[in-house]
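Please walk through the model below one element at a time.

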Amino acid sequence: MLVTDAWLSGAAPSHYASSALQSFAETLADAGRQVESNSPSDPAKRDTLKAAVSRLSTAASGAESAVEAEQEAQASRARNELRAAQADLATAYRGYFAPQR
């Protein structure tokens, strides 16, 4: 995630990065609730998408905590988790919105 990269490189202050990550995590948590309340014809796709959104939200919260505590090693690990979670979300999103055959 760019804000984590910026903080790790010293280009973004801790309070800004922490606030941005917190906002991102909250937005994702809201999106997860919306996905959960949706009732597609394939509940497995919905559950997969919700899990991917939740993983990304959790990763953002972890990054926020690391930045807030000014723990560079934790923030670096959180950045890696964010990237992996983003890839999972992209895959789940494609599967969720793939045309039914």
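A residue is called buried when its relative accessible area is under 20%, exposed when it is over 50%, and partly exposed in between, using a 1.4 Å probe and protein chains only. The model is a predicted one: local features need pLDDT of at least 70, side-chain atom pairs count only at pLDDT 80 or more, and totals for chains, interfaces and linings use all residues. Residues are numbered from 1 along each chain as its sequence is written, and side-chain values use heavy atoms, with hydrogens and water left out.

Begin with helix α3, residues 43-68. Helices here are DSSP runs of H or I with at least four residues, numbered from the N terminus. α3 has 26 residues and spans 37 Å from its first C-alpha to its last, close to the expected 38 Å; the expected span is 1.5 Å times one less than the number of residues. After the helix comes E70, which has a positive phi near 55 degrees.

The buried residues of α3 include R46, L49, L56, E64 and V67. Their cover includes α1 (2-8), α2 (14-37) and α4 (72-97).

From α2, consider S18. S18 counts as buried because its relative accessibility is 7%. Leaving aside residues up to four places away in sequence, S18 touches E64, V67 and E68, where contact means heavy atoms within 4.5 Å. The side chains of S18 and E68 are also joined by a polar contact of 3.3 Å. A polar contact is a pair of N or O atoms within 3.5 Å; within protein, one must be able to donate a hydrogen and the other to accept it, and residues adjacent in sequence count only if both atoms are side-chain atoms.

Next, α4. The axes of α3 and α4 come within 8 Å and cross at roughly 160 degrees. The two helices are therefore roughly antiparallel, a label for angles over 145 degrees. Axes are lines fitted to C-alpha atoms, for helices over the stretch in contact, and angles run from 0 to 180 degrees between N-to-C directions.

Two residues of α4 remain. N80 lies in this helix and is partly exposed, with a relative accessible area of 46%. R94, also in α4, is exposed at 54%.

Conventions
Angles under 35 degrees count as roughly parallel, over 145 as roughly antiparallel, 65 to 115 as roughly perpendicular and the rest as oblique.
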